[in-house]
Amino acid sequence: MTEADPGRGLEFGAFESLYRATRDDIYAYVATLVRDRSAAEDVTAAAFEKAYRRRFDYRPDRGTARAWLFAIARNTALDELRRIRKSASPVEEPAAPVAGADATVATPDHETRMEIRDAVDRLPGPDRELIALRYFADLPLVEIAAALGITESNAGTRTHRAVAKLRRAIDERD
Amino acid sequence: MNVTEEREELPGDLERRLRAAAPAPEPAFKRRLDRLVADGFEDERPKAAADSDDSDRPAARPGLGARLRRRLGAAVPRDWRPAPVLSGLASVAAIVVALAIVVPQLDSGEPEGGSAVVSTPDLDADLGGAAADSSRRAIPEAAIDRADPAPGVGGVVPPFGGPADSLAPGVEDRVIERDATMTLEAEPAQVSEVAGRIQQVAARHDVIVSHHSMSEAAASARAEFILEVPVAGLNTVLAELARLAEVRERSEASQDITAPTVTAADRVQSSRTEVRRLLDRLAEAETDEQAEEVRPELRRAQRALAVHRAELTGLRAGAAFATVHVSVLGGQTASYLEPDEDPWSVGDAASDALRILTVAAGVVLIAAAILLPLAALLTLFALARRLWLRRSRDRALRED
């Protein structure tokens, strides 16, 4: 995990390290919010560009660099949501990785991933967001709270509810 | 409920499958994004993916810094941000506006050189002439506004040249006492010549030279005059004196003495009336005893009349002639300065410094008066926009 300089702002090297560490996580989070692959790519690029241009505004005393970056990505994605229509195409599953060691797992796992993805996409927006932050981006509760601008206790409560809804949704499909 | 308990609610197998279901970026997109980051987002328009079918999505507008770097190249630093520069420009603009307001007020101070040059009216018009209209034109409005003729006076003092104790009813006029100072500078060898020319000017214009002095030394000379100049020709005389040598200093002053003059005229009139009454009583006296009773009173009244006439004559003379002090200096300027006429002293420096600080404080106050309300309004606007934006985003997520 890349942290900022003790002072204020991120030098280019620190920003690049942060980017390398969070690129896929940011994409996963944004894609879960907007549920459109093309929009997810644009929003991800826009979020990193905004973070790059504001890197000198980052203040370590207000939270980690990851939380700061996810807050920017959140705002960018929600701004996009305000513009795109609800009938946006769902995020397509990328091509399955080649040469998996267990070939017999590829197809059932693929179907399972699609089912879980579908269950996540059907959650209400706030719950979907928390699932993405907790399990796709693997953020701890303290960083989730900083990214959403809420208390850690509130973040824990909301995450618990979102997980419960997801389990119910998956159980109902099963 | 702590974090550990929350995570345990999700079975391990489900959690593994959930994490595996996370959306992953396309390789082409990852390469493109890597390149953008490495280049510092110099190419501001995010390129659509090669196989993207969303060609109608509008490209993001590049920031101000990026647009400037595109045009100016390396002249604009990579990390340059416009916000601090724009804030600085706004502050400079506010200070310029403040200076534009404060600087014109500075001209209300003393004129340069310390001389109080009073703009006096043209008094070439003869006060003794038909001059009620012309003298009224010649008098400054400020002097007219200050006028307060003695109550009960049917008319005002007649122009000089008429009977000393006559009154001209129905004609309003002002009585102004004037004086002037002029310092001329010439070569030491020419001071005496200039002094001679001053005498010639005086003779041509019926000017009374009430005082004249001359001093000469090896490398310097000085001449002093006190002239009594008829006010009708004052400006002409001053103009001729100014042509005799270089004028280093010139000042004029005036004082309205209408009120004391009217009062003195009233006293003369009252005294004259009293003398006439006593003369009539004396003529009517039938015995020596009656006459002896009147004579002391008559003498006292006649003495009073003489005193009041002299007072009135003096006032009118003061108005009829302007006192002009003329100095002719030759040689080093410093050697002719009076001890209390040092051009620049520590006190002057302190005064100038205080004035500069006062002006600077005024500029800061005015700039603050301009910037603070603007900043407050901008802050309120920013807070309101931020609140609206937050709520709008949350609503978009809830309704999605």
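A:Arg35 sits in the loop between α1 (12-34) and α2 (37-53) of chain A. Its phi is near 55 degrees, a positive value in a residue that isn't glycine. Keep in mind that this is a predicted model. Below are two backbone spots, then the contact between the chains.

**Positive phi in the loops**
- A:Arg35 counts as buried because its relative accessible area is 19%, and the cut-off for buried is under 20%.
- Over in chain B, B:Asp206 has a positive phi too, about 55 degrees, although it is not a glycine.
- B:Asp206 lies in the loop between α8 (191-204) and β4 (208-216) of chain B.
- With a relative accessible area of 61%, B:Asp206 is exposed.

**How much the chains bury**
- Chain B puts 50 residues into the contact, and chain A puts in 63 residues.
- Together, chain B and chain A bury about 5,200 Å², with 56% of that on carbon and sulfur atoms.

**Charged and polar links**
- Five salt bridges are counted between chain B and chain A.
- One of them pairs A:Asp138 with B:Arg19, where the closest N and O atoms are 3.3 Å apart.

**Chain B's side of the contact**
- The elements of chain B that give two or more residues to the side touching chain A are α1 (3-8), α2 (12-20), α3 (27-38), α4 (64-72) and α12 (346-399).
- α12(B) gives the most, with 10 residues.
- By type, the residues on this side of chain B split into 23 nonpolar, three polar and 24 charged.

Technical notes
Residues are numbered from 1 along each chain as its sequence is written. Chains are lettered from A and ligands numbered from 1 in the order in which they are written. This is a predicted model: local features need pLDDT of at least 70, side-chain atom pairs count only at pLDDT 80 or more; totals for chains, interfaces and linings use all residues. Side-chain values use heavy atoms; hydrogens and water are left out. Contact means heavy atoms within 4.5 Å. Buried area is the accessible area (1.4 Å probe) that two parts lose on being put together, summed over both. A salt bridge is a side-chain nitrogen of Lys or Arg within 4 Å of a carboxyl oxygen of Asp or Glu. Helices (H or I, at least four residues) and strands (E, at least two) are DSSP runs, numbered from the N terminus. Ala, Val, Leu, Ile, Met, Phe, Trp, Tyr, Cys and Pro count as nonpolar, Asp, Glu, Lys and Arg as charged, and the others, Gly among them, as polar. Buried means under 20% relative accessible area, exposed over 50%, partly exposed in between (1.4 Å probe, protein chains only).
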